[in-house]
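Me: Please take a close look at the ligand site. Walk me through what holds the ligand, then through the chain around it.

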Amino acid sequence: MERGSIALLVASALFQLVSGTVNISQWYPWGFSFRATHYAVAWVFIGSLAIHIAVKLPVVREAYLGGLTEPDGPGLSRRGLLRTTWVAAGLVVVATAGQSVPLLRKVSVFAVRSGDGPQDVPVNRSATAAGVEYADASTWALDVVYDGATRRFTRDELERLPQATETLPIACVEGWSVSASWEGVPVADLLSAVGAPASSRVYVSSLQTRGAFGSSELPPQFAADRRTLLALRLNGAELDLDHGYPCRIIAPNRPGVMQTKWVSRLEVYA
Ligand SMILES: Nc1nc2c(c(=O)[nH]1)N[C@H]1C(S)=C(S)[C@@H](COP(=O)(O)O)O[C@H]1N2
Ligand SMILES: [Mo]
């Protein structure tokens, strides 16, 4: 039991550390879902820790009742162990605190790096990384599908519709958030253009050909909210290709991962 629980404890801790670090650098050399696996292995870790503590309880009890004595022989002393723990914890703090402490940004190698993107907004995944090769306004068009019919909007047609401007953040689940001014067509207007009720569910898909997050769903309350835009412009200029040109979704109170870029199709379900 003891050996087994230690093996499990060490294996699961190493797995979490290595896969988590690799995930921070957005490198996925494996075939499984990072999130689901990381979550499941966290439970394995907690379970093996509980077993380990239970197995060691008699030793802990004995140490407390008999007083703490330094064990003889080779190995780390109690002081040495504590010192090592402090140093390790200090290194972890320095390696990550730059996320919140600007002074430490350069040395915090594990902190979230949003980088500097075009138009003063970081880029999470570039058009090249997403395999978007066909974002040309002369051939691109947006399909809005509702009740068996498809209405096609060219980029010019979208530009001629009444435009709205909203200040909304991109809030990435990886730990950065940047507010920006977005200009475009309220999704609610597109719904009424195809005769769909305001409280419809909208399935958004994009030109993306590689990787996750190429589509998302706008629940009815998001689709009906007039601040939810199909954005064409960002911070006063044409949307950059890496920010989702020809158009992208921007909605309030929505994780960045669902602010779908390079939108090509809206499927509306009443
Ligand atoms: N099609 C598509 N849209 C996407 C993504 C993506 O990978 N593909 N990434 C999302 C994520 S995780 C974030 S945080 C935002 C970032 O938008 P930005 O790159 O314009 O800052 O876009 C979202 N939209
Ligand atoms: Mo994100």
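Reply: First, a definition. Strands here are DSSP runs of E, at least two residues long, numbered from the N terminus. The model is predicted.

Start with the pocket. Ligand 1 sits in the largest pocket. Its shell counts 21 residues, and the closest are P122, R125, Q208, H243 and K261. By class, ten of the shell residues are nonpolar, eight are polar and three are charged.

Now the polar contacts. K261 uses its side chain, with a polar atom 2.6 Å from a ligand oxygen. How much of the ligand does the protein cover? On its own, ligand 1 has 530 Å² of accessible area, and the protein covers 99% of that.

Next, the chain around R248. Strand 9 spans 248-250, and a loop joins strand 8 (237-238) to strand 9. P246 belongs to that loop. The peptide bond from Y245 to P246 is cis, with omega near 10°. Most peptide bonds are trans.

Widen the view. UniProt, in an unreviewed entry, lists residues 132-268 as "domain: Oxidoreductase molybdopterin-binding". That span is 43% strand and 13% helix. Its end C-alpha atoms lie 24 Å apart.

The span holds another backbone point to check. D147 is in the loop between strand 1 (141-146) and strand 2 (149-154). Its phi is positive, about 55°, although D147 is not a glycine. Most residues other than glycine have a negative phi.

Last, a segment earlier in the chain. For residues 36-55, the unreviewed UniProt entry gives the feature "transmembrane region". In the model that stretch is 100% helix and 0% strand. Its end C-alpha atoms are 29 Å apart.

Note on methods. Residues are numbered from 1 along each chain as its sequence is written. Chains are lettered from A and ligands numbered from 1 in the order in which they are written. This is a predicted model: local features need pLDDT of at least 70, side-chain atom pairs count only at pLDDT 80 or more; totals for chains, interfaces and linings use all residues. Side-chain values use heavy atoms; hydrogens and water are left out. A residue is near a molecule or strand if one of its heavy atoms lies within 4 Å of it. A polar contact is a pair of N or O atoms within 3.5 Å; within protein, one must be able to donate a hydrogen and the other to accept it, and residues adjacent in sequence count only if both atoms are side-chain atoms. Accessible areas come from the Shrake-Rupley method with a 1.4 Å probe; for residues, only the protein chains shown count as cover. On a 1 Å grid over the protein atoms alone, a cavity is a set of points where a 1.4 Å probe fits but cannot get out, and a pocket is an open set with protein on both sides within 12 Å along at least five of seven lines; lining residues have an atom within 4 Å of a point. A molecule sits in a cavity or pocket if more than half of its atoms lie within 2 Å of its grid points. Ala, Val, Leu, Ile, Met, Phe, Trp, Tyr, Cys and Pro count as nonpolar, Asp, Glu, Lys and Arg as charged, and the others, Gly among them, as polar. UniProt positions are given in the numbering used here, feature names are shortened, and annotations may be inferred rather than shown by experiment. Helices (H or I, at least four residues) and strands (E, at least two) are DSSP runs, numbered from the N terminus.
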